[in-house]
Amino acid sequence: MIEKLCLTCDRLLSHRQLACCHSYCGLPLHGKDILIYSNVDTELKPLQLTGHHGEISAMTFGKGSRPVVLCSASADYIIVWDLELCQRRTQEGKVAAGRVIGTLLGEIVHLSFCFSDERVAACSGATLYVLSSKRHEVISTLTSHRGPLTSAEFCPWNKDIIVTASEDRTFKVWDLKTEAICYQSFVLSASPLLSVFFLEENRHLITGSTDGQVWCFSLAEDHRCHLVTKMDLQKMEKRHQMHQGTGDDRVPEQSAADKVETSKPVLKMAVCSSFTNTSNEHKKDNSWLCIGSSDGLYVVDVATSELLTVLYFRDYPNLSITMAGSWSVSPGRDTMVFLVSSLFTPCVALLELHLCDLERISACGEGFSVFPSSPPLPDSPLNAEFKKKEPNHPKKKGGMKEQPLVFHSKVKSSGYTSAPRRIMFSPKTNIQKNPPSKKATKNTGLLLRDYPADGAPPTTPHSQLSTGNKPVYCLQYSGDGKQILCGLGDSSVLLYRSSLTGNPTVYTGHDKPVSSVSWSLNRQWWLSASEDQSLRIWTHGSPEPAIIMGDSIFSKPIRSAQFYYLDKFLLLASGPSLYLYLYNVDTTRDDIKRYEQRSVVKLARFFTTTSETDITAMSAISDFFSYIVLVCGSDRSIQVFDMNKGTVAAELPDAHSRAIHCVTQNKGSMFSTQAPDSYNLFLTSAVTDGVKIWDLRTLRCVRRYENHLNRCHPCSSAISPCGRFIASGSEDNCAYVYDIRSSSYLHKLHKHSDTVLSVTFNPATPELLSGTLDGKLRLFHSSSGARLSHETSAAVHSVPNMTA
């Protein structure tokens with residue numbers, strides 16, 4: 001941050017609204033006059049504007065670049081100045097004059113132009129005046145707040161909408177056509193609201209208070225506001241320092257008298273719109289927000305609710321400002337310009353920040369990819385195989401006579417001595433052809449239709465059933481989307497058709513609630529893991545498991561289990577350990593020794609988390625070769641295991657404020673195709689901390705979703721096969737569907753009977769299945785297009801059956 005200009009004023013301007021644009025900055029002189037400085041060349045003589053008779057209390061520049069207009073307000077007049085015209089008149093030796101647009105409207109504390117510079121909003125007491133910038137006319141007078149107004153801003157995408165913030169701790173959305181209130185917020189804080197800002201790209205409304213609280217709302221077409229996220233600058237600062245590993249060590253030693261905790265008022269907000277280098281997709285996101293506070297500039301990522309960096313005044317000893325009283329911000333393409341007034345001294349400084357300096361904030365270490373870049377290492381755990389049994393050939397003992405090859409007294413002749421055949425082949429021409437059976441032709445292959453890449457999310461209720469009164473802890477569709485596994489709290493597993501019609505197949509054997517279920521790629525077997533520290537592999541047509549892993553093999557409950565590496569391994573997490581097993585399913589049984597298990601399981605390798613913390617969630621991709629396994633620990637961390645090397649490749653500490661109970665990767669499906677980089681995204685869910693989406697390439701959180709309610713139960717989340725939607729369970733008896741590109745929810749699926757614990761998407765067709773705490777299943781279809789038929793007549797193209 002560079003100080004371009006420092007001015008000592010004749011009075012304190014700590015709580016005055018000063019004006020700053022990319023070319024000029026303005027501040028009062030002797031209370032009644034205005035000095036306009038050039039930001040490009042600060043050595044130029046400033047332009048002096050006179051016309052007010054009272055003390056100037058607020059000023060602002062217009063949104064346009066040509067002509068540059070300035071609006072200033074005092075208790076007597078509100079004046080609009082055309083700076084180019086004023087400069088020309090001054091050069092001609094004439095007096096620069098402005099246009100009076102308002103008279104005797106009281107003490108104005110805030111001014112703002114609309115985006116076409118045709119109207120001006122002026123806050124005076126509890127009243128908002130909307131004035132014409134072209135003539136002396138009051139267009140609207142809006143009064144409803146119970147306290148003095150502090151800020152007002154026009155909506156950039158709707159010229160007839162304006163938002164006001166007040167000391168009564170609320171904000172209101174007004175329709176200027178009808179002069180009516182469209183939306184009135186609840187009391188947001190114990191402290192007054194200071195500023196309002198719009199994020200046009202996401203259509204979000206952001207407001208901040210004097211105690212450092214920041215609220216982000218979505219502003220829908222009906223002008224109703226929905227809370228997207230809430231941030232606390234002080235808490236984010238402490239978390240940021242903890243992540244940086246600095247704490248308060250970076251602050252010089254201070255005496256006890258100097259260690260005073262200060263509030264962080266949200267004085268001004270602006271967006272970091274773009275960067276000089278836009279090759280990185282992350283830098284194109286306009287979710288970075290600059291917040292001017294009393295001790296410095298805070299750069300916040302609204303999408304993730306994370307503090308990226310803080311530019312403290314104390315870290316720049318060459319600056320004249322140590323504590324700020326007001327900020328005026330002018331965002332630009334390559335630089336941002338700030339006009340900052342000192343809180344305790346009559347001083348104003350013009351600061352410049354190059355946005356390229358912020359680029360290093362997003363620069364991370366080497367990231368990862370779910371796709372392998374090289375074959376497995378020679379000593380890789382993924383090369384483990386069962387040992388081949390060598391055949392046992394008995395050694396020949398001396399003196400043993402050779403035995404006959406047959407045990408019959410007569411052997412049929414080979415036919416060498418018989419007469420040669422005269423007729424070699426005689427075709428049969430009177431055979432009637434039988435029509436092929438439907439059953440035979442139907443199973444020759446699996447005929448599929450592509451998952452719609454641009455369809456609507458599944459939000460239309462279709463069917464509902466009850467599995468009992470036990471919680472539905474886990475759900476998973478088979479790869480072809482025709483069957484669904486339900487792991488229940490009564491230790492049983494139910495196998496339904498995806499349409500939820502007919503009676504389910506019940507598999508019992510566990511003694512405690514089922515924690516996870518997983519299908520194999522060939523859909524011939526599946527596994528279930530339970531809190532009873534056991535794992536079972538089941539096959540079609542058999543009520544008994546083919547493999548049982550229990551008998552005190554694991555010391556703690558199995559939190560997660562699945563097939564891995566194209567079904568070569570079993571991957572499961574128990575306690576602080578991650579186990580990798582080879583297995584071979586043998587479904588043949590001896591009727592005499594029917595309880596003898598012929599299937600084989602062998603431990604290939606086990607791994608331990610870095611801090612030996614218990615694993616709470618785990619995820620890996622088995623649909624294609626991938627070395628990456630994501631492990632979440634009870635210490636709130638995410639650890640990335642590289643199974644090719646058998647080590648922890650990276651660790652993200654304090655990923656959530658609570659331990660993560662669900663991690664879900666974007667696995668897509670065989671019915672859909674996504675961009676390769678999309679498969680590097682994964683979701684994490686934690687109680688009281690919402691859902692976060694992470695990018696494995698940068699090892700950073702890229703967005704947060706927290707419109708749903710999750711305070712105590714482990715509500716899961718899922719990504720749609722097309723990669724466009726996210727579904728999450730919630731404790732308000734609803735399921736939420738988000739657009740993956742926006743933090744505000746798209747749809748809220750009502751009428752669930754209890755907390756929604758589990759959600760999952762059908763990989764073959766736009767369907768969403770939810771499971772509740774009281775054992776109810778609800779199926780949702782997409783409102784656009786007909787439901788995908790699995791019959792061969794509805795298929796578009798044929799895909800052969802997948803095998804392990």
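Ser728 touches Val691, His708, Ser716, Ser717, Ala735, Tyr736, Tyr738 and Val759, leaving aside residues up to four places away in sequence; contact here means heavy atoms within 4.5 Å. This is a predicted model, in which local features need pLDDT of at least 70 and side-chain atom pairs count only at pLDDT 80 or more, while totals for chains, interfaces and linings use all residues. Residues are numbered from 1 along each chain as its sequence is written, and side-chain values use heavy atoms, with hydrogens and water left out.

Ser728 lies in strand 52, residues 725-728. Strands are DSSP runs of E with at least two residues, numbered from the N terminus. With a relative accessible area of 1%, Ser728 is buried; buried means under 20% relative accessible area, exposed over 50%, and partly exposed in between, with a 1.4 Å probe and protein chains only. One of the residues that Ser728 touches, His708, also makes a side-chain to side-chain polar contact with Ser728 at 3.4 Å. A polar contact is a pair of N or O atoms within 3.5 Å; within protein, one must be able to donate a hydrogen and the other to accept it, and residues adjacent in sequence count only if both atoms are side-chain atoms.

Another serine, Ser74, sits in the loop between strand 7 (69-73) and strand 8 (77-82). Ser74 counts as buried because its relative accessibility is 2%. Its contacts, not counting residues up to four places away in sequence, include Glu55. Ser74 and Glu55 are 19 residues apart in sequence, and their C-alpha atoms are 5.6 Å apart in space.

The structure holds zero disulfides, a disulfide being a pair of cysteine sulfur atoms within 2.5 Å. For Cys6, the nearest cysteine sulfur is that of Cys347, 3.5 Å away. Cys6 is partly exposed at 34% relative accessibility, whereas Cys86 is buried at 1%.

Technical notes. Helices (H or I, at least four residues) and strands (E, at least two) are DSSP runs, numbered from the N terminus.
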